[in-house]
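Me: I would like to learn how to read a few features of a protein model. Please take them one at a time.

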Amino acid sequence: MERKRKYDRLYQPLTEPPAGTRFVGYARYSSDMQDKVTIVTQHRKMAEFAAAHHWEIIDWVDEPATSAKYDDVHRRPRFAEMLAAAGSDFTGILCYDSSRWSRNNAVTYTTLDDLRHRGIWWATADGLWNSNRLVEDGHSIAFAVDTGMNANFLMKHSKRMIDSKEERALGGLHQSQPPYGYLPPDYPPLPPGIGVNRKAPPIPVRPDPATWPALQLIAELRCARRSCKEIADALNLAGYRTRGNRWNGKHEAHLGEEPFARRFTEDTIWNMLHNAFYCEFEPGCQHGTIITPAGVRLMGRHEAAWPYATWQRMLEVAAELRYAPQASETKRAIYPFGGIIICATCRLPMRSSHTDKPEHILRYHRCAAKQRGLSCTASATTPAWRVEKAFGYLLQRYRLGDNWQDDLVQLAEASATQADQSAAQLQQLHEEQETFNMMLLAKGIDASRYQREMARINSARQAILRQQEVQQHGTEVVLQAGEQMTRLPELWELARAHEALDHLREMVLALLQPNGLAWDGTQRMITGLCPYPEYVPSIRLALADWAWEGHWLTCPSPESEKSPQPRRRVIRDPRTKTTIRRESAPTRYALTAEQQREALRMLEAGQSMREVGHHFQVSHGAIWRLAHRQREEE
């Protein structure tokens, strides 16, 4: 039977789902009327629309009020879970109207386009929009106008919120949800005969008797020179929990905690220590501090949690922990790749941490995707020594020929012919920056993504400017960098042998750009390097098998390497005296593909298996299995 041809066309209308199709109804609270009545109304309208088309609604996805006010996908956890599960248990999504889906232009078009390409039918209960109508002539323009009106409403609503917060701040009142340690105001009941629209006069927040001792514990530990992580661990051990706006999900249900109960982290403590709401405005006033949206510092009407003298002492301790030369050895741990290493899977910078045991300090690099609520399939934690050893292994491969100066000159001249492209690249980066600025002003992008994009653009701009500077100085800078690279492998191994981490740090900062090393935690190998322009020609000569893409050198994909074959086991049955051959699951190689080739070359050079195993810090049995499998393949 001839296989049906699949076309990749821009215009691909979907077929309207037949009767009995499984749908999910999505509803979220209205920003104008935070009431459950709005959810009930949305459910009723969607149920009537589904019944008219003979569709089956198998589940309701209700965005809670704490996250319904946001339009970004990562800040709406129920919305993100529904998008990820689309196509598995259901093939259609219903919502009340387009404004309930999103008031953000970028989120609306991105999510609906993704659903349409995945074959998921989307429709609104008012009957105005569905997946096909969005791409039809005339209707696409009308939908753009409707989406723009929704976004314009959000902008006006945001302006009104800023004005109202400014007014409340000038009155010494809190501007949003009460921070940790405080309860909402206890408004007295209105006298009888007052209209329902009449509100009580505003009053300040009040201390929470259950969590107020936690604030005092934070101040006590901070004055005792405790770090943010130590304070967070002490609060978690004491049983305190903070309440956030994100849904924790099912992964913490076994702890018996509430859906929005969250454990303290060092970032949470850092934000609390820098929140002026808790501190006394001036000595002896016993009132906290209010910061207006314009940045003006005023005296609040609420009770201060920390006296003015305690607040000043906490600020001094923060400066001492950051810059104190008498800090303990565990507080002065050096990470040669701190600020340089990123996760090769999610492309996020990896955080550096270590144990607080003075007798044996263990340094780690860990991916921050899980802590940020993002998904990443790579291994979360990697020992720092493993990265340093892998980088030293790459430096050991730096072997240039006798005419390496001529080769570097040729590469430098070849890159100089591309100088006319630098202006176009700078102009493109400038246009991207203007685009993201406009998206930020129009609330089309969240602040975290905006910061990441600006960091990427600034890094690319600095690389281009440095490349231009190298081209202006000619080939002398490239030759000097090549001479430095010839001495770098020996200096690296010498510094590692003496555990001179500060010297390793200096070499890394001189060679690689910020966020210029991609580490694959699953394969335990370096997959990409982003060196400074003057070092690019010499590194490209040494790593000839690595691909040059933009400003990155990427290693060959490990998927192209031969995977381990299953091993056969011979088992003899004592009852029947027969031989049974079984194949066990393939075991994972202890070495990477590059290390395997290097180990085989060392064996061919006459070194023993124990020497090779000691070189790669693996057992000699692993080297024996590698050589045995190599002989079987041959």
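Reply: Start with burial: a residue is buried under 20% relative accessible area, exposed over 50%, and partly exposed in between, with a 1.4 Å probe and protein chains only. The model is predicted, so local features need pLDDT of at least 70 and side-chain atom pairs count only at pLDDT 80 or more, while totals for chains, interfaces and linings use all residues. Residues are numbered from 1 along each chain as its sequence is written, and side-chain values use heavy atoms, with hydrogens and water left out.

Me: Is C95 buried or exposed, and why?

Reply: C95 counts as buried because its relative accessibility is 0%. Helices (H or I, at least four residues) and strands (E, at least two) are DSSP runs numbered from the N terminus, and C95 sits in strand β3, residues 92-95.

Me: Which residues does C95 touch?

Reply: Contact means heavy atoms within 4.5 Å. Leaving aside residues up to four places away in sequence, C95 touches Y26, M46, W101, W122, A123, T124 and A125. Take A123: 28 residues separate it from C95 in sequence, and the C-alpha atoms are 6.7 Å apart in space.

Me: How does β1 pair with β2 and with β3?

Reply: Two strands pair if DSSP finds at least two bridges between them. Strand β1 (residues 22-28) runs parallel to strand β2 (residues 56-63), with seven bridges, and R28 has E63 of β2 as its bridge partner. β1 and β3 are also parallel, joined by four bridges; here G25 is opposite L94. As for burial, six of the seven residues of β1 are buried.

Me: What is the strand order in the open sheet of five strands?

Reply: The order is β11-β15-β16-β18-β17, and the pairing is mixed. β11 (341-343) and β17 (547-549) are the edge strands, each pairing on one side only. For angles, axes are lines fitted to C-alpha atoms, for helices over the stretch in contact, and angles run from 0 to 180 degrees between N-to-C directions. With direction ignored, neighbouring strands of this sheet are turned by 30 degrees against each other on average.

Me: Which strands pair with β15 in this sheet?

Reply: β11 pairs with β15 in the parallel sense over three bridges, with I341 opposite L517. β15 and β16 run antiparallel and are joined by five bridges; L512 has P531 of β16 as its partner. The two form a hairpin with four residues between them, and in the turn R524 has a positive phi of about 55 degrees. Seven of the nine residues of β15 are buried. Helix α16 (residues 501-511) lies across β15 (512-520) and β16 (525-531), at about 105 degrees to β15.

Me: How do I read two packed helices?

Reply: Two packed helices are described by the angle between their axes and the distance between the axes. The axes of helix α18 (residues 593-604) and helix α19 (residues 609-616) come within 10 Å and cross at roughly 150 degrees. That makes α18 roughly antiparallel to α19; angles under 35 degrees count as roughly parallel, over 145 as roughly antiparallel, 65 to 115 as roughly perpendicular and the rest as oblique.

Me: Which residues make the contact of α18 and α19?

Reply: From α18 come Q595, E598, A599, M602 and L603, and from α19 come M609, V612, H615 and F616.
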